[in-house]
Amino acid sequence: MVSDLALIPYADVRIGIGEPIGVGVRRVGLAQFDRAITGLAGPDLGEGVHTTRKALKRLRALLALARRPLGKTETRRADVVLRDTGRRLAPARDADVLVETLDGLVVGVEIEGAGALRSELVAARDVAFVRGVGDPEVRTEVTEMIGEARRNWDGDPVGESLAGMPDAAVEDGLHRTYRRGLRRMARALDRGSEVDFHEWRKAVKGLRYQLETLSTAWPDVIGGMAETAYELGEILGTEHDLAVLGTEIEGRDPVGDASAFLLDRIAASRCDLRTAARPLGMRVFAEEPDAFVRRLAAYWAAHRRATVRPVAPLRR
């Protein structure tokens, strides 16, 4: 399972070779704001909403990485703005995911009532789309919200704090993200609740985005860790989508044989996905947070020495 990172320009995601971390975080953030705005202006609104929401999530991961120089209050304020903006776009995307998830379950299978259930979900998706991003006024309002957040990111005092932060300043944010993922994994695997698995997924996504941003220091190693986190996040995401579809089906009147069939298939698939997530999670979160951050800090220190110090000239 390979992420879609190759589809995004290198400079829009990663800190550049020899580039100060703070300057890189500020620049990558601006690129993501631009992707978020562009997503809502394209001809394919369904895909555009998906692009915008991913950009907003990546921005929240950058915020968490820059928590120390920005301060707790400013980080929280900016995060709430990004979170609330993303939530404005959530209903249309979530309704679309329900249809996609159902299609994946019934591919190659003919079951009475599946078509009728799909029609109901498609109708609900269309309503959510029209009420949300299908409304030009809503798109304009969301675009303005993102634009205001972009200006705040690029202006003072936020922009100045980002550009001036030292390499070591990201260690606190990285530590918090990794520690959160480790704790949420333990809760999910111990208690097994739908909420716990969903919270674990969100932490995994945040870590993945941060690793991708920092992967310049050692692409094979840090980039490989990001790919594993991506694979884990996709598994947890599919498990969550199935859980939401199951809840949706349970809340509706039975449709032919489809309801019972789908609920059985959902339960079996979720069990398989949780089984697959365990070893990947153990791999991603194999270290204690302190050890994990020390290792990545050492990679960045070596990268900085290699790119800043001049290479001695050849001697005859």
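I numbered residues from 1 along each chain as its sequence is written. The model being predicted, local features need pLDDT of at least 70 and side-chain atom pairs pLDDT 80 or more, while totals for chains, interfaces and linings use all residues, and side-chain values use heavy atoms, without hydrogens or water.

**Helix H8.** I looked up H8, residues 170-191 (helices are DSSP runs of H or I, at least four residues, numbered from the N terminus). H8 has 22 residues and spans 32 Å from first to last C-alpha, close to the expected 32 Å (1.5 Å times one less than the number of residues). I then listed its buried residues (under 20% relative accessible area, 1.4 Å probe, protein chains only); among them are Gly173, His175, Tyr178 and Arg184. The buried residues of H8 pack against helices H1, H2, H9, H11 and H12. Gly192 follows H8 and has a positive phi, near 75 degrees.

**Ala163.** I found Ala163 in helix H7, residues 158-164. I noted Ala163 as partly exposed because its relative accessibility is 29% (the class runs between under 20%, buried, and over 50%, exposed). Its contacts (heavy atoms within 4.5 Å), leaving out residues up to four places away in sequence, are Gly22, Val23 and Arg26.

Note on methods:
Helix = DSSP H or I, 4+ residues; strand = E, 2+ residues; numbered from the N terminus.
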